[in-house]
Amino acid sequence: MSTTQSRIASGPFQKTPGWLDWFEGPSRPQFALPAGAVDAHCHVFGPGEDFPYAPQRKYTPCDASKEQLFALRDHLGFARNVIVQATCHGADNRAMIDALIHSDERARGVATLPSDVTDAQLQHLHDVGVRGVRFNYVRRLVDFTPADELMKMAHRIAPLGWHVVIYFEAPDLPELWDFFTSLPTTVVVDHMGRPDVTKPVDGPEFELFVRFMRENPNVWSKVTCPERLTVAGPAALNGQRAPYRDVVPFARRIVEAFPDRVLWGTDWPHPNLTGHMPDDGLLVDFIPHIAPTEELQRKLLVENPIRLYWPEER
Ligand code: 0GY
């Protein structure tokens, strides 16, 4: 993939100390993605010179441009991207919008919105390809927005056919349950609600997440981010490319129980990782372990994301 641009934060920005750069020169996956596969969770960062990072951000990333994202897409064998607004850009969606506009219609977006967004701005976001709004409940990433403001926002985006993406950590689900279950749209959970994978897959914590999906047919999950959830790490098993094996039972359970409501994405360029930075080729090789049949793979990687982000093609 192209590495012609710097990975260092540009403009007046200094990368947060300890923050790892994204992996240059990822391997080619052994798993061949089905035609039309969508990387349904990835980000662009800056470049800071052109799209300054938000003053209220909790971290400063290294730059990760749209050109670098599209080069990774082609290298791994994806056809399209869903670009999710990252917290380091706050509610300034310009870098994400710029990527959508230059994607040749091969990317759709999820925005973060200020409460005073106008109807005309919402329509503009829709016209450039935004199809969702992200509500973030991860304390280390954002200061919380009051629930009534978010609920108002959800009701404003519903008529556009958008969905709400929610990001939270497993211990917070009981407290957030009532709010989440009263949202009027499709609701997409980032990274399976971040389970603690050292706990049993059929233990009370993950059972609650499964129940959340079972009882609420409008709830979808991204079975993403094994590199964030793992304790075992990316190590191979018996010499095979079988990465992040401690996360496999959790993701596979969700894929098999809710095959029509799951999405997968790389999470490139992997914000806030300090332990290890994944090889994106190896991440793709995680997929057949959580979606073992061709039918599950096609739903996860093609049919479901098309239904949510390019519904006009169905
Ligand atoms: C992710 C995860 C993280 C960060 C963000 O918007 C963000 O800053 O999403 C994280 O630090 O867990 O989905 O990329």
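Predicted model: local features only at pLDDT ≥ 70, side-chain atom pairs only at ≥ 80, totals over all residues.
## Strands side by side

Let's start with β1 and strand β2 (residues 80–84), which pair in the parallel sense over three bridges. Strands count as paired if DSSP finds at least two bridges between them. The strands (E, at least two residues) and the helices (H or I, at least four) are DSSP runs, numbered from the N terminus.

Residues are numbered from 1 along each chain as its sequence is written, and side-chain values use heavy atoms, with hydrogens and water left out.

Now zoom out: β1 and β2 belong to an open sheet of eight strands, in the order β1-β2-β3-β4-β5-β6-β7-β8, with parallel pairing. At the edges sit β1 (38–42) and β8 (262–263), each pairing on one side only.

## A helix with two sides

Next up is helix α4 (residues 147–157). Its buried residues are L150, M151, M153, A154 and I157. They fall within an arc of 160 degrees seen down the axis of α4, so they line one face of the helix. (The arc is taken from the directions from the helix axis to the C-beta atoms.) "Buried" means under 20% relative accessible area and "exposed" over 50%, with "partly exposed" in between, using a 1.4 Å probe and protein chains only.

What do the buried residues of α4 pack against? They pack against α3 (119–128), β4 (130–136), β5 (163–167) and α5 (173–181). Contact here means heavy atoms within 4.5 Å. On the other side of α4, D148 and K152 are exposed.

## Two threonines in loops

T230 lies in the loop between α7 (226–229) and α8 (248–257). This threonine is buried, with a relative accessible area of 15%. Its side chain makes a polar contact with the side chain of D246 (2.7 Å), and also reaches the backbone nitrogen of A232 at 3.2 Å. A polar contact is a pair of N or O atoms within 3.5 Å; within protein, one must be able to donate a hydrogen and the other to accept it, and residues adjacent in sequence count only if both atoms are side-chain atoms.

T112 is in the loop between β3 (107–111) and α3, and at 23% relative accessibility T112 counts as partly exposed. Leaving out residues up to four places away in sequence, T112 touches Q85, G90, A91, N93 and R134. T112 and G90 are 22 residues apart along the chain, with their C-alpha atoms separated by 6.9 Å.

## Charged pairs

The structure holds 21 salt bridges, each a side-chain nitrogen of Lys or Arg within 4 Å of a carboxyl oxygen of Asp or Glu. In one of them, D260 and K299 meet at 2.8 Å, N to O. D260 lies in the loop between α8 and β8 and K299 in helix α11 (residues 294–309), so this pair ties together parts that are 39 residues apart in sequence. D260 is partly exposed at 34% relative accessibility, whereas K299 is buried at 15%.

Another salt bridge joins E169 and R194, with the closest N and O atoms 3.8 Å apart. E169 sits in the loop between β5 and α5, and R194 in the loop between β6 (187–189) and α6 (204–215), 25 residues apart.
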